[in-house]
Amino acid sequence: MVYAVVRTSGRQEKVEVGSIITVNRVAGDAKGKLELPAVLLVDGEKITTDSAALAKVKVTAEVLDDLRGPKIVIQRYKNKTGYKKRQGHRQDLTRLKVTGIK
C-alpha cells in the first residue's frame, strides 16, 4: 500500500491514488492539473521522511470542481450597550482527486 502525507492550504492530508480531498481554494493549470508537496511517503514497509528524497516525489492531483463551504454565522453582542453585529462567511473550497504518487 502506497500513501503520502501532503501539505496544502496550511494543512496536511493523508492521500492515496484515487482519493478525493477537499481543501481551501487552489488554482490548477489550464488542464486542471496540480502538484502537491509531500511531507511523508509510505511505500509498504519503507517510510521516507528525508527532505532531499521527498523533493523527488511527485504527488499529482486533478481539480474536480470549485465549491463553497457551509455558511458560518458570526454574532457579536455586548450586554447593556445595545451593540449587536451579525456577519456571515462561506469559505471557497476546491475538490481534488489524487491521480498519482511517484
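The structure is a predicted model, in which local features need pLDDT of at least 70 and side-chain atom pairs count only at pLDDT 80 or more, while totals for chains, interfaces and linings use all residues. Residues are numbered from 1 along each chain as its sequence is written, and side-chain values use heavy atoms, with hydrogens and water left out.

Helices (H or I, at least four residues) and strands (E, at least two) are DSSP runs, numbered from the N terminus; two strands pair if DSSP finds at least two bridges between them. An open, antiparallel sheet is formed by 4 strands in the order E2-E1-E5-E6. Its edges are strand E2 (11–15) and strand E6 (46–48); each has a single partner strand, so one side of each is left without a neighbour in the sheet. Neighbouring strands of this sheet are turned by 10 degrees against each other on average, direction ignored. The axes behind this angle are lines fitted to C-alpha atoms (for helices, over the stretch in contact), and angles run from 0 to 180 degrees between N-to-C directions.

At one end of the order, E1 and E2 are joined by 5 antiparallel bridges. Their hairpin has 2 residues between the strands, and serine 9 adopts a positive phi near 60 degrees there. Threonine 8 is buried, with a relative accessible area of 7%. Contact means heavy atoms within 4.5 Å; beyond its neighbours within four places in sequence, threonine 8 is in contact with Glu13, Val23, Val26 and Leu36.

At the other end, strand E5 (residues 38–43) pairs with E6 in the antiparallel sense over 3 bridges, and leucine 41 has threonine 48 of E6 as its bridge partner. Threonine 48 is buried at 13% relative accessible area. Leaving out residues up to four places away in sequence, threonine 48 touches Leu40, Leu41, Ala53 and Leu54. Of these, alanine 53 lies in helix H1 (residues 51–54) and is partly exposed at 30%. Alanine 53 and leucine 41 are 12 residues apart in sequence, with their C-alpha atoms 9.6 Å apart in space.

The interior comes next. A nonpolar core is a set of buried Ala, Val, Leu, Ile, Met, Phe, Trp, Tyr and Cys residues joined through side-chain atoms within 4.5 Å. The largest such core has 16 residues, and Val15, Leu36, Val59 and Leu96 have the most contacts inside it. At least two residues each come from E1, strand E3 (20–24), strand E4 (33–36), E5, strand E7 (59–68) and strand E10 (92–101). E10 gives the largest share, 3 residues.

How values were computed: Buried < 20%, exposed > 50% of the residue type's maximum accessible area, 1.4 Å probe, protein only.
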